[in-house]
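Please look over the sequence and the structure before reading on.

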Amino acid sequence: MARELPRRGHDVVLTDTTAPGAGASGNLQAVCAPVLDAAASPRQDFYRSAFVLASRQHPRCGVLRQADTQKDADALRQAASVFGDLDGWLKWREADPESNDGLWMPTAGVADFAAFSQSILDVLPNSAKCWPWAVREIHRQDHRWQLRSETGETLEADAVVLACAAGVTRLAPTSAWPLRTIRGQVTHARATAESKTTAHAVVGEAYLCPAHGGGHSVGATFDPDDDYAQDRASDHADNQRRAELTDHAWA
């Protein structure tokens, strides 16, 4: 939003509690691939458009969505047919001795959040960058939004984009929104000479990202209504267990 709105003639001020990427966007990597539903829906239309846009902005290393069982394979085939192949962007790949059956998405990839965030910051003027700036309250006054920080500073805007996940429930105008916190822990594994040869991401019981900066991102746990913010050894063990189910040799 901070990049697109100025291109459309709007003045933007970007705020963050400490610095951009301080929250979930501080993850080293994330698989950038579409969500596939088994039936046509407005949600599916949204994800299709989002995938097309995202595929233009992140490296296209390819993503293999594995099918663990025949039932999984049938469901993936059905979802892929509903989603549409987007001129060959989705291809079914039969199993070879090294892998399972799966849906090959050559234009999908892995987002490098640090590089992506920096590319946005590089084109924003300094006047658009405001951090550390933790929002304490937002209210409407005279057809404008008034924002106040934890330190008493104020900003005024015609529109406000809230990009803080479940943090919006701390603000009065959005406190009643029916949102749930879902905790996800990622594990970082040291890359080896062998693991570096897998240039694409694999998604199964876990997702396995290709090597980046000497390591791999493996994840992620999925714990609804859990806002614990520190690492758990048990979650790292769970990520390892699911990585072995996804690709035993890789793990």
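At what angle do the axes of helix H2 and helix H3 cross, and within what distance do they come? In this predicted model, the axis of helix H2 (residues 42-55) and that of helix H3 (residues 70-83) cross at roughly 80° and come within 10 Å. Because of that angle, H2 is roughly perpendicular to H3. On the H2 side, the contact is made by Gln44, Tyr47, Arg48 and Phe51, and on the H3 side by Ala79, Val82 and Phe83. Sorted by type, the residues of this contact are five nonpolar, one polar and one charged.

**The chain as a whole**

The secondary structure of the chain consists of five helices and 16 strands. Along the principal axes, the C-alpha atoms fill a box of roughly 65 × 40 × 35 Å. The chain has 251 residues, and buried residues make up 30% of them. Counting contacts between residues at least 6 apart in sequence, 63% link residues that are at least 24 apart.

**The sheet of seven strands**

Seven strands form an open sheet with mixed pairing, in the order E4-E5-E3-E13-E14-E15-E12. Strand E4 (91-93) and strand E12 (187-190) each have a single partner strand, so one side of each is left without a neighbour in the sheet. At the E12 end, E12 pairs with strand E15 (residues 215-219) in the antiparallel sense over four bridges.

H3, already described in its contact with H2, lies across strand E3 (63-66), E4 and strand E5 (102-105), and runs at about 165° to E4. Helix H5 (residues 233-246) packs on the sheet as well, touching E3, E12, strand E13 (201-203), strand E14 (207-208) and E15. The direction of H5 makes about 95° with that of E15.

**The sheet of three strands**

A further open sheet has three strands in the order E8-E9-E10, with antiparallel pairing. Its edge strands are E8 (135-141) and E10 (154-157), each of which pairs on one side only. From one strand to the next, the twist averages 20°. Strand E9 (residues 144-149) and E10 pair in the antiparallel sense over four bridges. Among the residues involved, Trp145 has Ala157 of E10 as its bridge partner.

**Cysteines**

How many disulfides does the structure hold? The structure holds zero disulfides.

| Cysteine | Closest cysteine sulfur | Distance | Relative accessible area |
|---|---|---|---|
| Cys61 | Cys209 | 7.9 Å | 26% |
| Cys164 | Cys130 | 15 Å | 36% |

Cys164 is in no disulfide either, and the nearest cysteine sulfur, in Cys130, is 15 Å away.

How values were computed
Residues numbered from 1 in each chain as written. Predicted model: local features only at pLDDT ≥ 70, side-chain atom pairs only at ≥ 80, totals over all residues. Heavy atoms only, no water. Pairing = 2+ DSSP bridges. Helix = DSSP H or I, 4+ residues; strand = E, 2+ residues; numbered from the N terminus. Axes fitted to C-alpha atoms, helices over the stretch in contact; angles between N-to-C directions. Disulfide = S-S within 2.5 Å. Buried < 20%, exposed > 50% of the residue type's maximum accessible area, 1.4 Å probe, protein only. Parallel < 35°, antiparallel > 145°, perpendicular 65-115°, else oblique. Contact = heavy atoms within 4.5 Å. Nonpolar A, V, L, I, M, F, W, Y, C, P; charged D, E, K, R; others polar.
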